[in-house]
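Here's a quick briefing to read alongside the model. Have the sequence and the 3D view open as you go.

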Amino acid sequence: MGLPSGGTAASSSAVVGEQPASKPWYAGRPQPPESGWERVLELFRKDELNSYPEETVNICKATFTAGIIGLVYGGIPGFLNAKKRYIQQSDAEMYYNRLDAVQSAHRAALRGFIRYGWRWSWRVAAFVAIFNTVSISLSVYRDKSSLSHFVAAGALTGGLFRFHLGLGGFVAGSIFGALLGVPAGGLVMVMQNLAGETLLERRRRERRELYERQLIEWNTNLSITKNISKETDDYVQRGTEERDD
């Protein structure tokens, strides 16, 4: 038998160059997060649908709602007090007409609403954001829900808000926050139990389903790649035998 033609040799060389590398792309077998830190980091990562976990979305929603509540809670009294104070202090001022006087009082009241509303809004929003982030992170890290997580989150949040008052303020804020965390945590746990499935249980189920889908996809890709590699090796071996003959 004669030597293979130049086209056959070139094809064999091309096939050899296309052989899989020593560490193919399918080498990473999917593994579910085992450590607590891996589960916590998952809270701040987008999933395959390019969306954040439900816990993270709930933290954002609760923070926004708390900001609105704080704005209303601090803004309405600030509006009324600023308007009343302006009327009391403007007896000697001159106005063009009654409409000008009313508009001036409303502008003063609006400034009071913005000033005191913002002061309450960002504080309440920050308190809720820190409290929810700490409590949810503790639950995800330990992979279970407990009232102590809410107590610890309340103590940490209250202490941070009174840290500028010194050690005494930090301790007092921590005690107040811990006491506040008991009813808040109890209410959240009762609502989740009434729903039939807690967020942790749902997250555990979704994580298991995702891992099973990734494992099936990984096994399928591995099987396809092995078949391609086997066919390529057979083709190269046949080309080598023909060249030797």
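Ser139 sits in helix H4, where helices (H or I, at least four residues) and strands (E, at least two) are DSSP runs numbered from the N terminus. With a relative accessibility of 7%, Ser139 counts as buried; the cut-offs are under 20% relative accessible area for buried, over 50% for exposed, and partly exposed in between, with a 1.4 Å probe and protein chains only. This is a predicted model, so bear in mind that local features need pLDDT of at least 70 and side-chain atom pairs count only at pLDDT 80 or more, while totals for chains, interfaces and linings use all residues. Residues are numbered from 1 along each chain as its sequence is written, and side-chain values use heavy atoms, with hydrogens and water left out.

**Overall fold**
- The chain's secondary structure comes to 7 helices and 0 strands.
- Going along the sequence, the pattern reads α-α-α-α-α-α-α.
- The chain has 245 residues, and 28% of them count as buried.

**Contacts across the sequence**
- Ser139 and Phe150 are 11 residues apart in sequence, and their C-alpha atoms are 9.2 Å apart in space.
- Ala172 belongs to helix H6 and is partly exposed, at 45% relative accessibility.
- From Ala172 to Gly159 it's 13 residues along the chain, with 7.3 Å separating the C-alpha atoms.
- Arg203 lies in helix H7 (residues 199–244), and its relative accessibility of 12% makes it buried.
- Arg203 and Glu54 are 149 residues apart in sequence, yet 8.5 Å apart in space, C-alpha to C-alpha.

- Asp143 isn't a glycine, but it has a positive phi of about 60°.
- You'll find Asp143 in the loop between H4 and H5.
- Asp143 is partly exposed, with a relative accessible area of 26%.

**Aromatic pairs**
- A pair of aromatic rings is described by the distance of the centres and the angle of the planes.
- Here, rings of Phe, Tyr and Trp (its six-membered ring) pair if their centres lie within 6.5 Å; planes under 30 degrees apart count as stacked, over 60 as edge-to-face and the rest as tilted.
- By this rule there are 5 aromatic pairs.
- One of them is Phe127 with Phe161, an edge-to-face pair at 5.5 Å centre to centre and 65° between the planes.
- Phe127 is in helix H4 and Phe161 in helix H5, so this pair ties together parts that are 34 residues apart in sequence.
- Phe161 counts as partly exposed, because its relative accessibility is 21%.
- Phe163 and Phe170 also form an edge-to-face pair, with 6.0 Å centre to centre and 85° between the planes.
- Phe163 is exposed, with a relative accessible area of 58%, whereas Phe170 is partly exposed at 29%.

**Surface patches**
- Patches are made of residues with over 30% relative accessible area and no salt bridge; like charges are joined within 9 Å, and nonpolar side chains (Val, Leu, Ile, Met, Phe, Trp, Tyr) within 5 Å.
- A salt bridge here is a side-chain nitrogen of Lys or Arg within 4 Å of a carboxyl oxygen of Asp or Glu.
- Accessible areas come from the Shrake-Rupley method with a 1.4 Å probe, and for residues only the protein chains shown count as cover.
- Phe64, Ile68, Val72, Ile76 and Leu80 make a nonpolar surface patch of about 480 Å².
- Phe64 is placed in helix H3 (residues 54–89) and counts as exposed, at 59% relative accessibility.
- A surface patch of positive charge gathers Arg85, Arg115, Arg119, Arg123 and Arg162.
- For charges, Lys and Arg count as positive and Asp and Glu as negative, with His and the chain ends not counted; the place of a charge is NZ of Lys, CZ of Arg, CG of Asp or CD of Glu.
- Helix H4 (residues 98–142) supplies the largest share of the positive patch, 3 residues.
- Arg162 is in the loop between helix H5 (147–161) and helix H6 (167–194), and counts as partly exposed at 40% relative accessibility.
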